[in-house]
Amino acid sequence: MKVIVDDKIPFIKEALDTLADEVIYAPGKDFTPELVRDADALIIRTRTRCDRRLLEGSRVRFIATATIGFDHIDTAYCQEAGITWQNAPGCNSASVAQYMHSSLLLLQRQKGFRLEGKTLGVIGVGNVGTKVAQVGRELGMRVLLNDPPRQEKEGGNLFSPLEQLMEECDVLTFHVPLIREGAHKTFHLADADFFGRLKCRPVIANTSRGEVIETQALLHALQTGQVSNAIIDVWENEPNINLDLLDRVFIGTPHIAGYSADGKANATRMSLDALCRFFHIDAHYHIEPPAPPQPLIEAHDLTEASLAMYDPRRDDQALRLHPELFEKLRGDYPLRREQGAFQVKYI
Ligand SMILES: NC(=O)c1ccc[n+]([C@@H]2O[C@H](COP(=O)([O-])OP(=O)(O)OC[C@H]3O[C@@H](n4cnc5c(N)ncnc54)[C@H](O)[C@@H]3O)[C@@H](O)[C@H]2O)c1
Ligand SMILES: O=C(O)[C@H](O)[C@H](O)COP(=O)(O)O
């Protein structure tokens with residue numbers, strides 16, 4: 001079996017070497033039809049667009065993406081071509097929740113935005129949204145959930161209409177997949193009309209996909225005060241992001257909300273498991289993230305403890321200093337550990 005692998009997928013080499021006859025590592029954006037032509041499988045990230053242009057005429061039968069999102073895979077083409085694909089549901093959801101937790105605490109500390117009693121609106125209540133809602137509750141926030149696909153399937157009164165979130169929320173956070181067409185389309189879900197209908201000058205957070213928010217509309221909403229602040233990890237047209245928007249946001253990071261070592265290890269393990277299932281390989285490997293350099297944290301309060309585990313300002317500063325290095329900042333990212341890897345002692 002020959003496998004082509006994105007060279008920025010960590011913790012994979014040792015295990016994969018025992019599973020495949022031939023493995024080629026290449027930058028995700030440089031996968032070409034020539035490179036993949038005689039491969040049986042691809043293991044990719046969001047930087048490889050898997051469509052007819054790349055895959056037609058190739059031997060590829062299986063694609064694993066070591067990510068939650070799969071909008072970079074042309075699923076209709078894969079079905080037509082008989083190519084099976086698999087993403088890694090939930091792999092880095094705790095990492096995104098950690099990013100949101102630290103960002104909200106920073107908002108409180110730096111902007112005087114008292115979280116307790118405020119209303120958090122979670123748009124998209126899947127693996128990530130569910131954890132972010134829990135973060136909000138733990139911070140004493142009232143939480144409203146919006147998820148029309150789940151509402152249709154599950155019924156009940158767990159979910160609220162988007163209009164209610166637009167009217168009542170002090171923070172609106174997006175955790176939807178990028179869907180370009182159809183009844184539950186999320187492309188430009190937040191557009192000028194959306195921002196025009198907001199009632200509470202909310203903070204907007206986006207860790208889903210840049211295209212879920214229309215950049216110019218958000219910029220205008222920040223300029224006119226329809227939106228009081230923004231926490232933005234994902235951008236339209238990455239890596240060539242809008243610098244005016246970066247200038248105006250409270251936190252701006254280079255699509256790293258999901259970049260915990262835990263999340264990456266989960267993604268790698270899930271991708272290899274899927275590969276083994278597809279090719280009927282019985283294999284055993286052990287993929288664990290490395291321990292943090294300082295697993296014991298001494299802190300005076302929750303904010304100090306959370307920021308010691310992950311402080312988004314480091315990533316924000318790095319991007320502001322060198323926005324042109326967006327992709328390099330991601331590629332060379334010092335993967336952080338999630339909360340479970342630390343012990344906190346309050347002093
Ligand atoms: N910034 C990052 O590093 C990072 C990390 C992980 C995931 N993501 C992005 O976040 C997205 C969500 O991740 P997840 O693990 O929670 O996915 P998920 O599939 O578990 O959940 C997505 C939820 O969104 C809901 N949804 C779909 N269309 C909707 C709509 N129009 N309005 C409201 N809700 C809608 C779905 O019903 C589902 O419950 C991913 O698709 C990915 O694009 C980004
Ligand atoms: O969809 C996801 O899982 C995230 O957006 C993920 O963090 C993207 O990461 P990358 O493609 O850079 O590995």
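Helices (H or I, at least four residues) and strands (E, at least two) are DSSP runs, numbered from the N terminus. With that definition in hand, the tour may begin.

**Before selecting anything.** This is a predicted model, in which local features need pLDDT of at least 70, side-chain atom pairs count only at pLDDT 80 or more, and totals for chains, interfaces and linings use all residues. Residues are numbered from 1 along each chain as its sequence is written, chains are lettered from A and ligands numbered from 1 in the order in which they are written, and side-chain values use heavy atoms, with hydrogens and water left out.

**Stop 1: the annotated spans.** Select residues 14–280, which UniProt, in an unreviewed entry, labels "domain: D-isomer specific 2-hydroxyacid dehydrogenase catalytic". UniProt positions are given here in the numbering of this model, feature names are shortened, and annotations may be inferred rather than shown by experiment. Next, select residues 108–257, annotated by UniProt (unreviewed entry) as "domain: D-isomer specific 2-hydroxyacid dehydrogenase NAD-binding". Here the chain is 34% helix and 16% strand, and the end C-alpha atoms lie 19 Å apart.

**Stop 2: the annotated active site.** Show R209, E238 and H255, which UniProt lists under "active site" in an unreviewed entry. They span 47 residues in sequence, yet no two of their C-alpha atoms are more than 9.9 Å apart, so they gather at one spot. R209 is found in the loop between β9 (203–206) and α10 (215–224).

**Stop 3: E238 and its partners.** What kind of peptide bond joins E238 and P239? The bond is cis, with omega about 0°, and P239 sits in the loop between β10 and α11. Most peptide bonds are trans. A salt bridge is a side-chain nitrogen of Lys or Arg within 4 Å of a carboxyl oxygen of Asp or Glu. The pair links distant parts of the chain, 191 residues apart: E238 belongs to the loop between β10 (229–232) and α11 (243–248), and R47 to the loop between β3 (41–44) and α3 (52–55). The structure holds 25 salt bridges.

Stop 4: Six residues from domain 1 and six residues from domain 3 form the contact, meaning heavy atoms within 4.5 Å. Between them, the two domains bury about 360 Å², 43% of it on carbon and sulfur atoms. Buried area is the accessible area (1.4 Å probe) that two parts lose on being put together, summed over both. Which residues of domain 1 lose the most area to domain 3? They are K8, R45 and R47, together 76% of what that side buries. Two salt bridges are counted between domain 1 and domain 3. Finally, select E327 with R47, whose side chains meet in a salt bridge (2.8 Å, N to O).
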